[in-house]
Structures are given as C-alpha cells and as structure tokens.
Amino acid sequence: MKAELQAIEAEALEKVEQIESLKELQDVQVTYLGKKGSITTVLRGMGKLPAEERPVIGQLANDIRATITSAIEAKETALSEAALEEQLKEEVIDVTLPGRSVQKGGPHLLTSIIQEIEDLFIGLGYEVREGPEVETDYYNFEALNLPKGHPARDMQDSFYITDDLLLRTHTSPVQARTMGALNGAQPVRMICPGKVYRRDSDDATHSHQFTQIEGLYVDKNVRMSDLKGTLDLFAKKLFGEDREIRLRPSYFPFTEPSVEMDISCAVCEGKGCNVCKRTGWIEILGAGMVHPKVLAMAGYDTDIYTGFAFGMGPDRIAMLKYGIDDIRQFYTNDHRFSKQFHHV
Ligand code: 2NL
C-alpha cells in the first residue's frame, strides 16, 4: 500500500510538472485528491491492514496529499503569473503615440466679416437690425422708390413666391420697415446684415444667394460730409489706416445723389496691379443721401430730416481681403476651405 501511494505521488507530481493550463490543473486535483480520487480509493483498503500500520499509512497519505497540494498551488501561481504577463504584453498602451485630435468648429468667414463690420458701427452708435428673408413687394421695392415697371424689378432678377411675396433682393426692406415703424418720429442709426437672393446663374463671381450689409443714418442735418467721414473711418478700420477713399458719382433708385466708394489698393499702394486692374483703386460699396421719396414714404418730414445710406457685399469684401477667386467657396462648405479662416 505504501508503494502504491508513492507511485501515485510520483505520477501526480510528474503530471503537474507537465501541465500548461489551469483547467488541466483542476482535472489533476480531482483525479488525485478528490473524493473519488486515487488516494481516497487506496485509503479505502486501510481496513485490511494490521492496526499498527494504519497510522503510518494514514500519515504517509496525508504527507503525499500535502506534497501534491503544494505542487498544484505552486503550478497554479506560475500559470496565473504567466497568463497575466501574456495579457499585459497584449494590452500594452503606447503612451508616446500622438492623441486623436478633436475637430473644432469656428465661425464662417462671412460671419466673421459681418461681425467685424457690426462691431465697428456699434462703436459709432448704430443698432444691428434683422428682418424677414421672405418680403412683400412693398418693402422690397415700392418703399425704396422702385415702382412697378422699374427695370431692377424685372421678374428675371428675383425669386417670386406669389405675386406679392418674394425672397428679398437686398437688406434695404429691413431699414424701410424700421423707419416705417418709427413713422418719422425719431432719428435712426442702424445696420442690417443678412442673406439676400437674386435670380442668377451661379459662377465664380455670381451666386443666387449671397450676403449684404447696409447702413442707414437719418436725423436732422445729416449731410454728405457725414457720409464721407463715416465711410473714411470704416475703410481705415477694416482695410488699414493707410487706406484712402474716393467717391465717384453713381445711381441707385433709393439715394440721391448716389456714389460708389473706392479704396486705394493695398497691394500696390496705388501704383497699379492686377488686383486693382492697374487703376490703383478698388470698388467697395455703394452709398448716397436717402431719396426724399423714400423718407417721405416712411413718414419723415423731408424739410427737417435727411439721411445717408450705404450697402456692401461681405462676399466681395472677403474675396478682396483674402484673395478668394470663387464666390461659391462660401456656400459649398468644404471644410478644407472654411477652416483656414477659423482664426480670423
Ligand atoms: C450696393 C449699394 C446701397 C442703399 C444701398 C438704402 C436703403 C434705404 C434707403 C436708401 Cl432704406 N438706401 N440702401 C443705398 C445705397 C447703396 O447698396 O452696391 N450694395 C451692395
């Protein structure tokens, strides 16, 4: 019986030695140490032994049990450590890899330009006003001295919704509405930025939807020299202190007299280059003294009140300022284009 137990011990230790997984280790434990295991089976024959041998064999069986148990425990520790080692190797994190950057958004270039112009005029006491993009014929045309039959009202130039409703072709109706609401009772200093629409075929220089920002100043004794001083300040603040302005006579139905303002070319300092088409000057905006008919329609007494107004295209200004050669870049939302201006 002693030899039998020793053989079991040797066999068990040999098996434990060769084992490579925790599952196998459990099987070995059951096979040798379990309730129906080899050692237990052998010990069942103890009854046949002489009484004095029983404690000796019992002691031996316990020692063997302990030896096998500690061999299994040692193996278990070794296997767990190896498994952990393997897992750590697989799950290793390279802390030196660069992180995945989060794409940050930013204001559209046109939004930035409009905000810059807004801030400038807010500093001069102007209010920013917005209005509907779907306008009535009255506010878009009639109130601005564009009576029915005027060439600028041509069906081809506007998106009509009904006979009386259309997508506004300029932001002037916001000003006509504001003056109308005051009914000639108060001075007005306002600018209105926003989207406008014209029926045009889109190409590098035309877009059926673009932006406009207009300004209006109505009060007692507003003169052409006030307009000129305001525009000069605007040009210097937006395009640089070295800029000069010049006013050329022009025509708009809603102003009389009307002018167009040029700024001296910043690229060639007036010497003549491709940007200014060798003239030394670049056209920036249109302006003029508000037509008395427009003031009168809004309820102002034209013997007391006069005013000036101006209008410009942020699209054109942005194109000039940043050398953008296609207006469609503003509206096709290619992030590679727009993100270049997120610091502006
Ligand atoms: C341009 C020219 C202009 C105005 C807009 C205006 C508005 C009212 C009364 C009188 Cl309510 N005038 N606006 C005046 C002159 C020129 O815009 O070239 N814009 C891009």
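Author: The model is predicted: local features need pLDDT of at least 70, side-chain atom pairs count only at pLDDT 80 or more, and totals for chains, interfaces and linings use all residues. Residues are numbered from 1 along each chain as its sequence is written, and side-chain values use heavy atoms, with hydrogens and water left out.

Reader: How many helices and strands does the secondary structure of the protein come to, and how are they defined?

Author: There are 11 helices and 9 strands. Both are DSSP runs numbered from the N terminus, helices being H or I of at least four residues and strands E of at least two.

Reader: Why is the protein called more spread out than a compact globule?

Author: The radius of gyration, taken over C-alpha atoms, is set against a globule rule of 2.2 Å times the number of residues to the power 0.38. For 344 residues that rule gives 20 Å, whereas the protein has 45 Å, well over it, so the protein is more spread out than a compact globule. Along the principal axes, its C-alpha atoms fill a box of roughly 140 × 50 × 40 Å.

Reader: Which residues of α4 are called buried, and what do they pack against?

Author: Buried means under 20% relative accessible area, exposed over 50%, and partly exposed in between, with a 1.4 Å probe and protein chains only. The buried residues of α4 are I57, G58, L60, A61, I64, I68, I72, K75 and L79. They pack against α1 (2-18), α2 (22-33) and α3 (38-43). A71, also in α4, touches L13 and V16, not counting residues up to four places away in sequence; contact means heavy atoms within 4.5 Å.

Reader: What makes α5 roughly perpendicular to α10?

Author: Axes are lines fitted to C-alpha atoms, for helices over the stretch in contact, and angles run from 0 to 180 degrees between N-to-C directions. Helix α5 (residues 109-122) and helix α10 (residues 314-322) pack at about 100°, with axes 10 Å apart. That angle makes the pair roughly perpendicular, since 65 to 115 degrees counts as such, under 35 as roughly parallel, over 145 as roughly antiparallel and the rest as oblique.

Reader: Which residues form the contact of α5 with α10, and how do they divide?

Author: L109, L110, I113, I114, E116 and I117 in α5 meet P314, D315, I317, A318, K321 and Y322 in α10. They divide into 9 nonpolar, no polar and 3 charged. Ala, Val, Leu, Ile, Met, Phe, Trp, Tyr, Cys and Pro count as nonpolar, Asp, Glu, Lys and Arg as charged, and the others, Gly among them, as polar. In α10, P314, D315, I317, A318 and M319 are buried.

Reader: Why are N221 and N333 called exposed?

Author: N221 has 64% relative accessibility, so it counts as exposed. At 57%, N333 therefore also counts as exposed. N221 is in the loop between β5 (209-220) and α8 (224-239), and N333 in the loop between α10 and α11 (335-338).

Reader: What phi values do N221 and N333 have?

Author: Phi is about 65° in N221 and near 55° in N333. Most residues other than glycine have a negative phi.
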